[in-house]
Amino acid sequence: MYLVTGATGGLGKRIVRRLRSRDLPVRAFVRLNSRFAELENRGAEVFIGDLKQERDIQKACQGVRYIISAHGSNDAGGAATLDYRANIDLIDAAKVANVEHFVFVSVLGSDRGYEDAPVFKAKFAVEKYLQASGLPYTILRPSGFASNLLPLAERFRQTGMYLLIGDPQNRSSIVSTDDLAQIAVDSVQVQAARNKIFSVGGPDILKREDIPHIFARVFNREPWILNPPLLAFDGLRGALNWVNRDLSSSLGTLRALLANEFFCTPEEIAALESTFNLKLETLESFLRRYLSV
Ligand SMILES: NC(=O)c1ccc[n+]([C@@H]2O[C@H](COP(=O)([O-])OP(=O)(O)OC[C@H]3O[C@@H](n4cnc5c(N)ncnc54)[C@H](OP(=O)(O)O)[C@@H]3O)[C@@H](O)[C@H]2O)c1
């Protein structure tokens, strides 16, 4: 049995689809208010719980052989409770349940010591805890997901507009979320992925300004790029600090993402393709598949 957390998320649902397409037994950890009908229809066992409750985590881990931790926080304060605590509780419960392999979805740059980015700090602390746990593991450090760009692409289709905050020259290796799902699933079986950390990105190193131009090619439409400087973001965040300190602090993670480069080297991409025996998909190919253009 595979336990997948974050099973309704952009990555988690693709992991469940892939496991079910191979007819493998999956327990999908979901919240009561989430949209989980698709997972049930695909034959996943749905476990309703809250990752903020240790008892739910312990229960969900019973009888499980493999765990893929693919949840994330999208609320202020979620770095401490979800990105950190829930993963520590999952690792502890995995040990009790004699889990055979633990796949942890971290983030590219988790090891760079960004002081003001709570999610990065939480992920790195979890990586360390997992490595010291004695559980067989694979840690995946992905760059930005291609699926995150789908709503922006839809808006571009309607308006031609693209909002690019910060330096347009900053580089990233946007990864196909489907490729990442396949890598997460295969991590359990591929011997060379055991007790390893992988940077996971797409095949191309893109400048952030390349993205609206890819949209332009896909939709055959001239881009209209709005490019406020990072200072504008900092100003807004500073003002928010007076109103909502928690939210302002959690925006530190977004700032780290906007201010820095997140790309994989050609060597890292080659290692990934050979270890997992796959050809990574470009952002343009991913967008054309999903947007049917
Ligand atoms: N997106 C990126 O570009 C990116 C890049 C690098 C790394 N990552 C990492 O990759 C992982 C997956 O990201 P994603 O974009 O697929 O995430 P996502 O779409 O935001 O999904 C988050 C998932 O976590 C679940 N969740 C949140 N709070 C929960 C709780 N209290 N109890 C149970 N489930 C809860 C959500 O359930 P609901 O449906 O109920 O909200 C959802 O299924 C995360 O660890 C993220 O940090 C993401």
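At what angle do helix α1 and helix α7 pack? Keep that in mind as we walk through this predicted model. Find α1 at residues 12-21 and α7 at residues 177-186: the two pack at an angle of about 60°, and their axes are 9 Å apart. Angles from 65 to 115 degrees would count as roughly perpendicular and those under 35 as roughly parallel, so α1 and α7 are oblique to each other. Their crossing is right-handed.

Who does the touching? On the α1 side, it's R14, I15, R18 and L19, while α7 brings T177, D178, A181, Q182, A184 and V185. Sort the residues of this contact by class and you get five nonpolar, two polar and three charged.

Now let's turn to the sheet. Seven strands make it up, and reading across you meet them in the order β3-β2-β1-β4-β5-β6-β9. The sheet is open, and the pairing is parallel. At the edges sit β3 (45-48) and β9 (196-200), each of which pairs on one side only. Ignoring direction, neighbouring strands are turned by 15° against each other on average.

Zoom in on β1 (residues 2-5) and β2 (residues 26-30), which pair in the parallel sense over three bridges. Here V4 stands opposite A28 in β2. Helix α1 shows up again too: it packs on the sheet, touching β1, β2 and β4 (66-69), and its direction makes about 160° with that of β1.

Last stop, the ligand. It has 24 residues around it, and those that come nearest are G6, G9, L11, H71 and G72. By class, this shell holds ten nonpolar, eleven polar and three charged residues.

Notes: Residues are numbered from 1 along each chain as its sequence is written. This is a predicted model: local features need pLDDT of at least 70, side-chain atom pairs count only at pLDDT 80 or more; totals for chains, interfaces and linings use all residues. A residue is near a molecule or strand if its C-beta atom, placed from the backbone, lies within 6 Å of it. Ala, Val, Leu, Ile, Met, Phe, Trp, Tyr, Cys and Pro count as nonpolar, Asp, Glu, Lys and Arg as charged, and the others, Gly among them, as polar. Axes are lines fitted to C-alpha atoms, for helices over the stretch in contact, and angles run from 0 to 180 degrees between N-to-C directions. Helices (H or I, at least four residues) and strands (E, at least two) are DSSP runs, numbered from the N terminus. Angles under 35 degrees count as roughly parallel, over 145 as roughly antiparallel, 65 to 115 as roughly perpendicular and the rest as oblique. A crossing is left-handed if the near helix is turned anticlockwise from the far one by less than a right angle, and right-handed if clockwise. Two residues are in contact if their C-beta atoms, placed from the backbone, lie within 7 Å. Two strands pair if DSSP finds at least two bridges between them.
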